[in-house]
Amino acid sequence: MKRRLFLGLLGIGGAAGLVPGVGWGYPRLSLEAAPDLERLELSSDEWRERLTPEQFEILRDHGTEPPFSSPLDKEWGEGEYRCAGCDLLLFQSAMKYDSGTGWPSFFEHVEGHMLSQLDFSLVWPRLEYHCARCGGHQGHVFSDGPEPTGLRWCNNGLALHFVPAAT
């Protein structure tokens, strides 16, 4: 391929990322916190007292647990999935599905309870999402999920806790 053609294609590809709705395989979502949601701000030491070392690594340092390591990946009871950092409701059990990835996955989230940002840690951009109350890192959202949304909210199990529905 001639250098000029290659550079032209590279430029077109880069410009596509600037056009709304055209991206590099990550969903274009603008997540905003619910207006009545009060932020929880704690120091690093306060978070360390509140969380296990593994939860701190994920929620505060943007870590990722190994696939298939979370019991929540196999949790199929009725109930709620809440942020392990602040107890904010993030997902309902009816929003969960088996993605086969080894992490709890959801096709929808509770509106107003997530914030997003681009993550370039793997060079290729991914859309990372966080709890809107405490800012705790939850996971990444991808465009390969089931209907009706086509999204896969891929969550770290250690960033959540499951509250079974009252019987």
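## Ser70 and its surroundings

A polar atom of the Ser70 side chain lies 3.1 Å from the backbone nitrogen of Leu72. The model is predicted. Ser70 sits in the loop between H3 and E1. Its relative accessibility is 7%, so Ser70 counts as buried, the limit being under 20%.

Which residues does Ser70 touch, leaving aside those up to four places away in sequence? They are Glu65, Pro104 and Gly157.

## Overall make-up

The protein has 3 helices and 9 strands. The order from the N terminus is α-α-α-β-β-β-β-β-β-β-β-β.

Of the 167 residues, 43% are buried. The accessible surface comes to about 9,600 Å². Carbon and sulfur atoms hold 57% of that surface. Among contacts with a separation of 6 or more, 56% link residues 24 or more positions apart.

## The E2-E1-E9 sheet

E2, E1 and E9 form an open sheet, in the order E2-E1-E9, with antiparallel pairing. E2 and E9 are the edge strands; each has a single partner, so one side of each lacks a neighbour in the sheet. From one strand to the next, the twist averages 30 degrees.

E1 and E2 run antiparallel and are joined by 3 bridges. Arg82 stands opposite Leu89 in E2. Tyr81 has Phe91, also in E2, as its bridge partner. The two strands make a hairpin with 5 residues between them. In the turn, Asp87 has a positive phi of about 75 degrees.

## The largest nonpolar core

Nonpolar side chains tend to be buried together in soluble globular proteins. Here, the largest nonpolar core holds 32 residues. Which of them touch the most other members? Leu90, Phe91 and Trp153 do. Two or more core residues come from each of helix H3 (53–59), strand E1 (79–83), strand E2 (89–92), strand E6 (126–131) and strand E9 (160–164).

Leu90 also has contacts beyond its sequence neighbours, with residues up to four places away not counted. Its partners include Tyr81, Arg82 and Cys83. His109, Val110, His113 and Met114 are also among them. Cys131, Gln138 and Leu160 complete the list.

## Gln138, a buried polar residue

Gln138 belongs to strand E7 (residues 137–142). Is Gln138 buried or exposed? It is buried, because its relative accessible area is 0%. Its side chain makes a polar contact of 2.9 Å with the side chain of Asn155.

Residues up to four places away are again left out of the contact list for Gln138. Leu90 is one of the residues touched by Gln138. Others include Leu59, Cys83, Tyr129, His130 and Cys131. Gln138 also touches Cys154, Asn155 and Asn156, along with Ala159 and Leu160.

## Glu38 in the helical region

Glu38 lies in the loop between helix H1 (3–16) and helix H2 (44–50). It has 66% relative accessibility, so Glu38 counts as exposed, the limit being over 50%.

How far apart in space are Glu38 and Ala132, C-alpha to C-alpha? The distance is 8.9 Å. In sequence, Glu38 and Ala132 are 94 residues apart.

How values were computed
Residues numbered from 1 in each chain as written. Predicted model: local features only at pLDDT ≥ 70, side-chain atom pairs only at ≥ 80, totals over all residues. Heavy atoms only, no water. Helix = DSSP H or I, 4+ residues; strand = E, 2+ residues; numbered from the N terminus. Buried < 20%, exposed > 50% of the residue type's maximum accessible area, 1.4 Å probe, protein only. Contact = heavy atoms within 4.5 Å. Areas by Shrake-Rupley, 256 points an atom, 1.4 Å probe, with all protein chains shown as cover. Core = buried A, V, L, I, M, F, W, Y, C linked by side-chain atoms within 4.5 Å. Pairing = 2+ DSSP bridges. Axes fitted to C-alpha atoms, helices over the stretch in contact; angles between N-to-C directions. Polar contact = N/O pair within 3.5 Å; in protein donor to acceptor, adjacent residues only side chain to side chain.
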